Amino acid sequence: EMAEKAGYPHFMLKEIYEQPRAIRDAIHGNAGVIEDVAKEIAKYDKIFFVAMGTSYHAALVGKYLLQRLAKKVPIVEEASEFRYEMEDLIDENTLVIAITQSGETADTLAAMKLAKARGAKVLAIVNVVGSMATRIADLTLYTHAGPEIGVAATKTYTTQLTVLTMLATALARVLGTASEEYLNELESKLKEVPELVEKVLKHDGALRELAEELKEKRDFFYIGRSIGVPTALEGALKLKEISYIHAEGLSAGELKHGPLALLENGVPVVAIAPSGKTFDKMVSNIEESKARGAYIIALGDNESLKRVSDVLIEMPPMDELLTPIVYVVPLQILAYHLAVLRGNDPDKPRNLAKSVTVE
Ligand code: G6P
């Protein structure tokens, strides 16, 4: 097992560090293929995403990408809910995009089967080659992340996001919903994402120190806006899964509608704050949290964050649509260190399984 971990103390850390390579493989592995899939699905306007867990968060990012680039408005459902709520709404004019790294999650497979039975077109985004999901789906896109052993998904998530970015770009090109110039630029920027992730991995030491400081905390809040919301949800999920610390991820706009009442001295608030159209609003959310005594950990590329945060995790500047892939990485690392410092095995969290094959 030591050899398989390639010198890393845990599979999870190894898999976090494999992300630049995995993202590169996802890009190369789908170049050419994705255009054909985009052509096949371009005509659908009724689009559902179904997924569970971390893959559900990828689906949420997929929704923002399809909205922004392809001007489609998909509905994102947890597969376990889709089955009961959407049954009558699915027909041959429906496209169901299932996201599942294992291709074996029972609820996701059941949703796919239901969609197929109703005549929908089913596209699966999967990591495990030949898994059940690929056999049910009409079309499959692979994430090419390689085997993921750690129960908490890391590289399978960032490669799902990579594939979704490529798919939304290809769809936009087929549909003419974004300028060719912008789409070309986004594609070349996506190719630089592995290097951006390399840069962010250098925060590992600082994140370990931060984890040391925060390891006795009982609650964490993760806030984001727009395409940063799924990142907040995923950061909170990673923390819960492996550190067993209670965490909530939410859209920053919801803070005032309840969660603000829970903020008191020293409660960590992790703010996803990239430059872009939501930045100013995020700064006000940070300030309002700080005014209640919250301990602010901001992720962003704007200098002014130094003034409003206790800790700034400096991120390289990038197109807002690419932020989900890069911004989740420090959150994975922070959760990892908190788990280890609290004496947990991050690869095998209690009560959880790598793939949930019962409904
Ligand atoms: C389990 C795993 C999660 C994963 C979820 C969905 O809960 O522990 O890491 O996100 O299943 O798995 P899937 O294979 O469908 O992506």
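How many residues surround the ligand, and which are the closest? In this predicted model, 16 residues surround the ligand. The closest are Gly-53, Thr-54, Thr-100, Ser-102 and Thr-105. Helix 4, which spans residues 53-70, gives the most to this shell. Its share is three residues. By class, the shell holds six nonpolar residues, nine polar residues and one charged residue.

The packing of helices was examined next. Two packed helices are described by the angle between their axes and the distance between those axes. Helix 8 covers residues 155-175, and helix 9 covers residues 180-201. Their axes come within 10 Å. They cross at roughly 165 degrees. Helix 8 is therefore roughly antiparallel to helix 9, because an angle over 145 degrees counts as roughly antiparallel. The crossing of helix 8 with helix 9 is left-handed. From helix 8, the contact involves Thr-165, Thr-169, Ala-172 and Arg-173. From helix 9, Leu-183, Leu-186, Glu-187 and Leu-190 take part. Four residues of this contact are nonpolar, two are polar and two are charged.

Helix 9 also packs with helix 14, which runs over residues 323-341. Here the angle is about 20 degrees, and the axes are 9 Å apart. Helix 9 is therefore roughly parallel to helix 14, because angles under 35 degrees count as roughly parallel. This crossing of helix 9 and helix 14 is right-handed. Val-193, Leu-196, Val-197, Val-200 and Leu-201 of helix 9 meet Ile-325, Val-326, Val-329 and Pro-330 of helix 14. The contact of helix 9 with helix 14 has nine nonpolar residues, with no polar and no charged ones.

Two residues illustrate burial. Met-12 is placed in helix 1. Within 10 Å of Met-12 there are 31 other C-beta atoms, so the residue is buried. The cut-off for burial is 20 or more. Not counting residues up to four places away in sequence, Met-12 touches Gly-150, Ala-152, Thr-154, Tyr-336, Pro-346 and Asp-347. Gly-119 lies 107 residues from Met-12 in sequence. In space, the C-alpha atoms of Met-12 and Gly-119 are 39 Å apart.

Val-269 belongs to strand 8, residues 268-272. Val-269 is buried because 25 other C-beta atoms lie within 10 Å. Its contacts, leaving aside neighbours within four places in sequence, are Phe-221, Ile-223, Ser-289, Ala-294, Tyr-295 and Ile-296. Ser-289 is 20 residues from Val-269 along the chain. The C-alpha atoms of Val-269 and Ser-289 are separated by 7.7 Å.

Backbone angles were considered last. Most residues other than glycine have a negative phi. Ala-6 sits in the segment before helix 1, residues 11-17. Ala-6 has 10 C-beta neighbours inside 10 Å, so it counts as exposed. The limit for exposed is 12 or fewer.

Tyr-244 is not a glycine either, yet has a positive phi of about 65 degrees. Tyr-244 is found in the loop between helix 11 (229-243) and strand 7 (246-251). With 15 C-beta neighbours inside 10 Å, Tyr-244 counts as partly exposed.

Key: Residues are numbered from 1 along each chain as its sequence is written. This is a predicted model: local features need pLDDT of at least 70, side-chain atom pairs count only at pLDDT 80 or more; totals for chains, interfaces and linings use all residues. A residue is near a molecule or strand if its C-beta atom, placed from the backbone, lies within 6 Å of it. Helices (H or I, at least four residues) and strands (E, at least two) are DSSP runs, numbered from the N terminus. Ala, Val, Leu, Ile, Met, Phe, Trp, Tyr, Cys and Pro count as nonpolar, Asp, Glu, Lys and Arg as charged, and the others, Gly among them, as polar. Axes are lines fitted to C-alpha atoms, for helices over the stretch in contact, and angles run from 0 to 180 degrees between N-to-C directions. Angles under 35 degrees count as roughly parallel, over 145 as roughly antiparallel, 65 to 115 as roughly perpendicular and the rest as oblique. A crossing is left-handed if the near helix is turned anticlockwise from the far one by less than a right angle, and right-handed if clockwise. Two residues are in contact if their C-beta atoms, placed from the backbone, lie within 7 Å.
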